[in-house]
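Dear colleague,

Please find below the structure for your review. My findings follow directly after it.

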Amino acid sequence: MAFSPAYKTFEKNANFPDGRTMQAPVTGTIARDQPMFHFAATPQDAISAGEQLTNPFLLGAEEAAAATKRGHMVFQTFCTPCHGGDGTGNGPIAQRGFPPPPSLMTGKSLEMKDGQLFHILTLGQNSMPNFAAQLPPSRRWDVITYLRKLQEKEQPTTAPAVESGQENTESSDDEPSDAETESAESGEKP
Ligand code: HEC
């Protein structure tokens, strides 16, 4: 056994057809422990992602609570600059000329499945940047879990810091009257 000649990363290499030492990974290679994500940045694929991907943190109440807590931190750090602390889209960047995002508390975001939100966070959507580099997949699911809680609570003006403890008995003085209930049942938003 004598000297074994190892190639340096960027050295020329006659053993490969392209003459390089560093070879690209085989098509379809994914990093170890990373979940599969084989969707393109198209609206159709966003919908497919919604149908195929499920939030891994919704398996139990404990996991969901922990994910919500982490997601709260992620949201405050990465999302509030544009979406605002209450998710309605009035963050400081939006107030200074960046195209204001739609409210995350109403409309499309409520209807989109978790997997579609994951697609948006992974690949972006129009002027919304993607967060694939900043947030590993598990943190993206965390923020989605938190977002769902925020939507459930529908407390657009207060940051939902209280995750445990006192039950917030949804203000009973806000009960719709009989007339309003009827119009709601007939399909109109009260
Ligand atoms: C730089 C500003 C900016 C940041 C930061 C940002 N967003 Fe957005 N977001 C936008 C804009 C603008 C849109 C609207 C994009 C469009 O026109 O389709 C949007 C859209 C969305 C939508 C889709 C809403 C819809 O109705 O189509 C979701 C969900 C969303 N953002 C979640 C997040 C989350 C979660 C974070 C934090 C991890 C985040 N965004 C960070 C600007 C931002």
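In which helix does Q116 lie? Q116 belongs to helix α5. Please note that the model is a predicted one. With 24 other C-beta atoms within 10 Å, Q116 is buried, because 20 or more such atoms are enough for that label. Beyond its neighbours within four places in sequence, Q116 is in contact with A46, I47, A49 and G50.

The ligand is surrounded by 25 residues, and C79, C82, P101, K108 and M128 are the closest. By class, this shell comprises 18 nonpolar, 6 polar and 1 charged residues. At least two shell residues come from each of α2, α4 (108–111), α5 (114–123) and α6. Helix α2 provides the largest share, with 5 residues.

The packing of α2 against α6 also deserves a description. The axes of α2 (residues 61–83) and α6 (residues 137–153) approach to within 6 Å and cross at roughly 95°. Angles of 65 to 115 degrees count as roughly perpendicular, and α2 and α6 are therefore roughly perpendicular to each other. On the α2 side, the contact involves A64, A67, T68, R70, G71, H72, V74, F75 and C79, which meet R139, W141, D142, V143, T145, Y146, L147 and K149 in α6. The residues of this contact divide into 9 nonpolar, 4 polar and 4 charged.

Yours sincerely

Methods: Residues are numbered from 1 along each chain as its sequence is written. This is a predicted model: local features need pLDDT of at least 70, side-chain atom pairs count only at pLDDT 80 or more; totals for chains, interfaces and linings use all residues. Axes are lines fitted to C-alpha atoms, for helices over the stretch in contact, and angles run from 0 to 180 degrees between N-to-C directions. Helices (H or I, at least four residues) and strands (E, at least two) are DSSP runs, numbered from the N terminus. Angles under 35 degrees count as roughly parallel, over 145 as roughly antiparallel, 65 to 115 as roughly perpendicular and the rest as oblique. Two residues are in contact if their C-beta atoms, placed from the backbone, lie within 7 Å. Ala, Val, Leu, Ile, Met, Phe, Trp, Tyr, Cys and Pro count as nonpolar, Asp, Glu, Lys and Arg as charged, and the others, Gly among them, as polar. A residue is near a molecule or strand if its C-beta atom, placed from the backbone, lies within 6 Å of it. A residue is buried if 20 or more other C-beta atoms lie within 10 Å of its own, exposed if 12 or fewer, and partly exposed in between; C-beta atoms are placed from the backbone.
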